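Subject: Structure handover and notes

Dear colleague,

Please find below the structure we spoke about, with its sequence. My notes on what was found in it follow directly after.

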Amino acid sequence: MTRAILCLLLAAPLAASAVEPTVPHKLGFTGRLLTAQGEPVTGAVNVTFALYDQAMLGTATWTETQKLAPSYEGVYATFLGAANPIPDEVLLAPGQRFLEVTVENGTPLSPRLELGAAPYAAVAKHVRGGTVEASEVRAGRVEAGTLTVGGAPLSLGYRTVRSFTGSGSFDVPDGVTRVHVRAWGGGGAGGTIDSATSKPAGGGGAGGYAEDILEVTAGSTVGVTVGVGGNASACTAGNGTDTTVSVAGQLRVIARGGQGGEHAQGTTCCAGGKPTPKGGMGGTATGGIALAGESGWDASEGGGAGLNSMSPVYGRGGETVFNPLIPCTPGDAGKSGLVLVAY
């Protein structure tokens with residue numbers, strides 16, 4: 001039994017260069033491994049990943065085996081292609097792609113996971129000048145045209161990417177009429193586990209994700225507020241705060257913070273807790289593309305952290321933590337958000 005989430009990992013911003021960038025032949029992937037009884041897999045295990053062009057049967061077009069060490073909740077994060085790079089002909093061939101996961105020498109986990117759109121960004125490696133129609137990308141062809149998001153042309157060759165891990169602002173340079181914004185809200189903290197009586201707690205919810213292309217004018221100010229992850233202490237699980245982007249004082253993009261996880265009602269600690277603690281709700285978002293963060297897992301599911309749909313790091317919720325030496329064990333703090341602005 002497994003619960004797996006495909007995530008788009010963030011690449012470090014690169015300065016403009018005359019050298020053509022190299023597109024990596026690997027995909028970021030985050031998942032969770034559970035036994036047939038629903039218990040997390042925590043020891044080091046060999047996991048085999050395989051790609052197929054159909055949901056059932058067929059022959060694998062790519063495969064590799066990695067040794068992974070999941071967290072105590074069974075959560076792991078890795079790169080597909082780290083041991084065996086994924087060839088272009090596998091990613092760029094027409095049709096769907098499905099990922100099959102096998103732990104040790106067991107039966108492959110079912111069903112296979114269908115890959116979403118993010119891995120197919122590798123097609124950008126093959127664009128040589130000009131632009132590309134979104135309909136042509138879906139059809140597997142690269143021709144001249146214009147790729148648009150929400151009706152606004154999207155350049156495939158941004159020269160500047162500003163990364164904000166804290167709040168700030170900048171003035172739009174001359175000649176820039178649009179900026180491409182991506183924003184992650186802060187994650188909520190994990191709840192407190194009553195370790196003395198083995199009462200679990202809910203995990204923190206992930207922050208929301210928002211993306212948009214904004215019209216700007218030279219000299220106008222782009223203001224950024226980066227959401228902070230919720231703090232955790234005994235019987236306190238703070239909410240993550242919101243990430244916002246404004247243009248000339250007008251709020252344009254919002255990625256709200258995730259909520260903290262609930263605590264169990266126990267005799268040792270957290271008298272004000274819940275009989276059945278829930279995970280914190282994931283944050284919502286406002287923008288051209290708006291994706292809510294995943295809610296934290298309920299105590300009955302192990303209290304795992306909520307994950308952000310576009311990153312396994314930024315805006316992640318806090319996990320719950322069991323420590324028999326600490327009767328009231330606080331969860332992990334939520335991860336802070338991020339803003340990327342490209343133009």
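At 10% relative accessibility, Phe164 counts as buried, where buried stands for under 20% relative accessible area, exposed for over 50%, and partly exposed for what lies in between, with a 1.4 Å probe and protein chains only. Before going further, please note that this is a predicted model, in which local features need pLDDT of at least 70 and side-chain atom pairs count only at pLDDT 80 or more, while totals for chains, interfaces and linings use all residues. Residues are numbered from 1 along each chain as its sequence is written, and side-chain values use heavy atoms, with hydrogens and water left out.

Aromatic rings and charges over them

Phe170, at 6% relative accessibility, is likewise counted as buried. A search of the whole structure gives 3 aromatic pairs, and among them are the rings of Phe164 and Phe170, whose centres are 6.3 Å apart and whose planes meet at 25°, so the pair is stacked. The rule behind this takes rings of Phe, Tyr and Trp (for Trp the six-membered ring) as paired if their centres lie within 6.5 Å, and calls planes under 30 degrees apart stacked, those over 60 edge-to-face and the rest tilted. Together with Tyr343, Phe164 and Phe170 make up one aromatic cluster.

Phe170 also has a charged residue over its face, namely Arg162, at 4.5 Å from the ring centre; the criterion is that NZ of Lys or CZ of Arg is within 6 Å of the ring centre and within 35 degrees of the ring normal. Elsewhere, the charged end of Arg112 sits over the ring of Tyr52, 3.5 Å from its centre.

Salt bridges

Side chains of opposite charge can pair when their charged atoms come close. With a salt bridge taken as a side-chain nitrogen of Lys or Arg within 4 Å of a carboxyl oxygen of Asp or Glu, the count comes to 5. One of them is formed by the side chains of Glu215 and Arg178, at 3.1 Å from N to O. This pair links distant parts of the chain, since Glu215 belongs to strand β14 (residues 209-215) and Arg178 to strand β12 (residues 178-184), 37 residues apart; helices (H or I, at least four residues) and strands (E, at least two) are DSSP runs, numbered from the N terminus. Glu215 is partly exposed, with a relative accessible area of 47%, and Arg178 is partly exposed too, at 31%.

Another salt bridge joins Lys278 to Asp298, with the closest N and O atoms 3.7 Å apart. Lys278 lies in the loop between β19 (250-255) and β20 (285-286), and Asp298 in the loop between β21 (289-291) and β22 (328-329), so the pair ties together parts that are 20 residues apart in sequence. Lys278 is partly exposed, with a relative accessible area of 44%. In the salt bridge of Glu319 with Arg316, the closest N and O atoms are 3.1 Å apart, and both Glu319 and Arg316 are buried.

Cysteines

How many disulfides does the structure hold? There is 1, a disulfide being a pair of cysteine sulfur atoms within 2.5 Å, and it joins Cys235 to Cys270 with an S to S distance of 2.2 Å. The torsion about the S-S bond of Cys235 and Cys270 is about -105°, so the disulfide is left-handed. Cys235 is partly exposed at 30% relative accessibility, whereas Cys270 is buried at 8%.

Strands

An open sheet is formed by 5 strands in the order β11-β15-β18-β19-β20, with antiparallel pairing, where two strands pair if DSSP finds at least two bridges between them. At its edges stand β11 (168-171) and β20, each with a single partner strand, so one side of each is left without a neighbour in the sheet. Within the sheet, β15 (residues 221-225) and β18 (residues 243-247) are joined by 4 bridges, and Val224 stands opposite Val245 in β18.

Of the 6 residues of strand β6 (residues 98-103), 5 are buried, so β6 is largely enclosed by the rest of the structure. Strand β3 (residues 45-52) runs antiparallel to β6, joined to it by 6 bridges, with Thr48 opposite Thr102 in β6.

Best regards
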